[in-house]
Amino acid sequence: MATVDLNADLGEGLGAWTMGDDAALLGVVSSANVATGFHAGDPHSIAQTLKSAARAGVTVGAHVGYNDPAGFGRRFIDYNAAELADEVTYQIGALDALARANGTRVSYVKPHGAMYNAIVHHEAQAHAVIDGIKAFGDLPVMLLPGGVAVDIAENKGLTVIREAFADRNYNPDGTLVSRREANAVMGDEGDIVKRVLDVAETGSITAIDGSVLNVDAQSVCTHGDSPGAVQLLRGVVKELQARGIEIRSAI
């Protein structure tokens, strides 16, 4: 039976301000990338998301990012490598402490936003991020296929979970279309369903120029912070189930 891991970014609320519907998403995804408080989230809202993830049996990952809440972690920061590594270790440790207090644990790491995109090609930061993970433990790391961070992680003994995006357009080189571009995010439900099915059944993605990319991804990211996202994701799950594709964590 074909399988696919559906992951979503959760725990990004801050005080009275909410981002997405964590409770609804935890009913359909198999893995939760939970914010650590650096790009988004506060300890209480993060703890509530972790508690809900534990009840739902959803695997938890540390969604580590740049310390840039004002920019939601989407702006590149030219870090000292040692400082970046320490910040990654710190974020994982803080989230794991909250996770264990709420009935679960951190089982993998996924870099967020600008950090995620930078370590596709920025070797110094890729080494720093992987070193920061290794300092905590040999946790699997979720990465974009083809980037330098993939090779660095595997060379340092970490398991890599290759990831595709359900609702992001791709450049022909396998990188994501920048969010500065109007066509960065896909909005058509049919296109998103087809994207997830293609990844699950053939390991491929169609880029914006029509070329087919072999990504061999084990997990698909489903963003839940846009209007109608939860309903759309439920449609994706329904179609996967109709095709006999099992949704389960990649860990």
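Predicted model: local features only at pLDDT ≥ 70, side-chain atom pairs only at ≥ 80, totals over all residues.
Contact here means heavy atoms within 4.5 Å. H7 covers residues 189–202 and H8 residues 229–242, and their axes come within 10 Å, crossing at roughly 45°. The two helices are therefore oblique to each other, and H7 passes H8 in a right-handed crossing.

Next up is the pairing of H3 (residues 81–101) with H5 (residues 123–136), whose axes come within 7 Å and cross at roughly 40°. This pair, too, is therefore oblique, and the crossing of H3 and H5 is right-handed. On the H3 side the contact is made by Ala81, Leu84, Ala85, Val88, Thr89, Ile92, Gly93 and Asp96, while H5 brings in Ala124, Gln125, Ala128, Val129, Asp131, Gly132, Ile133, Ala135 and Phe136. The class tally for H3 with H5 comes to 11 nonpolar, four polar and two charged residues.

Then there is the largest pocket, which holds about 680 Å³ of space. Its lining takes in 32 residues, with Gly113, Ala114, Asn117, Arg168 and Arg179 lying nearest the centre. Helix H4 (residues 113–118) supplies the largest share of that lining, with five residues. By class, the pocket lining is made up of 13 nonpolar, 10 polar and nine charged residues.

Definitions and conventions
Residues numbered from 1 in each chain as written. Heavy atoms only, no water. Axes fitted to C-alpha atoms, helices over the stretch in contact; angles between N-to-C directions. Helix = DSSP H or I, 4+ residues; strand = E, 2+ residues; numbered from the N terminus. Parallel < 35°, antiparallel > 145°, perpendicular 65-115°, else oblique. Left-handed = near helix turned anticlockwise from the far one by under 90°. 1 Å grid on protein atoms, 1.4 Å probe; cavity = no way out; pocket = protein on both sides within 12 Å on 5 of 7 lines; lining within 4 Å. Points joined across faces, edges and corners; volume = space filled by probe spheres on them. Nonpolar A, V, L, I, M, F, W, Y, C, P; charged D, E, K, R; others polar.
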